[in-house]
Amino acid sequence: MNENLAPLYAQVLPIHSGMMHLLLTLVAIYLILTQFGLNTKNYVLRIRYFLPIYHAILAVIVFSGLLLLTALNFGVSERVLRMILAVILLIALSAVGFKRLKIYARQKELVKFRKFALFQGIAEIFLILFAGLS
C-alpha cells in the first residue's frame, strides 16, 4: 500500500463497503417493486424511477473502488477481480432487465417480466455477496 495514500484508503473503505450494503438493500427493494403491484397502472413507472438510484449507487461503488485501487498501487488480487467481474455482470444484468421491461411493457406481458425480475434480483444478490464476502 502506498503510505501517502493510507488516509485516503482509511476514508474511502467504509464508504465502499457501506455502499455495498446499500446496494444489497436496493436490490431487495427492487425485488419488492417488481413482485408486487403488477396490476397497478404505475408498475413500470415505479421501476423506471427506481433504476437511476440503483445505478448511482453502483457508480459510487465503482469510483470508490478505483480510489481504493489507487491506494493499493493498482495491485489486483483475487478479491479485486471478483469485485470487477461482479460489477460488470451487475451492469449487464441491469441493462438486460431494462430492455426486457421495455419490451414486455409494450407487449403488455408484465407477468413474464416479473418472472425475469425474480431471477435477476436473486442473481444480483448472489453477485453482490460473491464480490463482498471474503
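**Salt bridge, helix pair, annotated segments**

Glu-109 and Lys-112 form a salt bridge, with 3.2 Å between the closest N and O atoms. The term means a side-chain nitrogen of Lys or Arg within 4 Å of a carboxyl oxygen of Asp or Glu. The structure holds one salt bridge. Glu-109 is partly exposed, at 30% relative accessible area. Lys-112 is partly exposed too, at 45%. Buried is under 20%, exposed over 50%, partly exposed in between, with a 1.4 Å probe and protein chains only.

A word on the source. This is a predicted model: local features need pLDDT of at least 70, side-chain atom pairs need 80 or more, and totals for chains, interfaces and linings use all residues. Numbering starts from 1 along each chain as its sequence is written, and side-chain values use heavy atoms, without hydrogens or water.

Now the helices, which are DSSP runs of H or I, at least four residues, numbered from the N terminus. The axes of H1 (residues 6-35) and H2 (residues 43-71) come within 9 Å and cross at roughly 160 degrees. Axes are lines fitted to C-alpha atoms over the stretch in contact, and angles run from 0 to 180 degrees between N-to-C directions. H1 and H2 are therefore roughly antiparallel, a label for angles over 145 degrees.

Last, the record. UniProt, in an unreviewed entry, places "transmembrane region" at residues 20-38, 50-74, 80-101 and 113-133. Such annotations may be inferred rather than shown by experiment. Residues 80-101 are 100% helix, with end C-alpha atoms 31 Å apart. For residues 50-74, helix is 88% and the ends are 33 Å apart.

Conventions
Helix = DSSP H or I, 4+ residues; strand = E, 2+ residues; numbered from the N terminus. Parallel < 35°, antiparallel > 145°, perpendicular 65-115°, else oblique.
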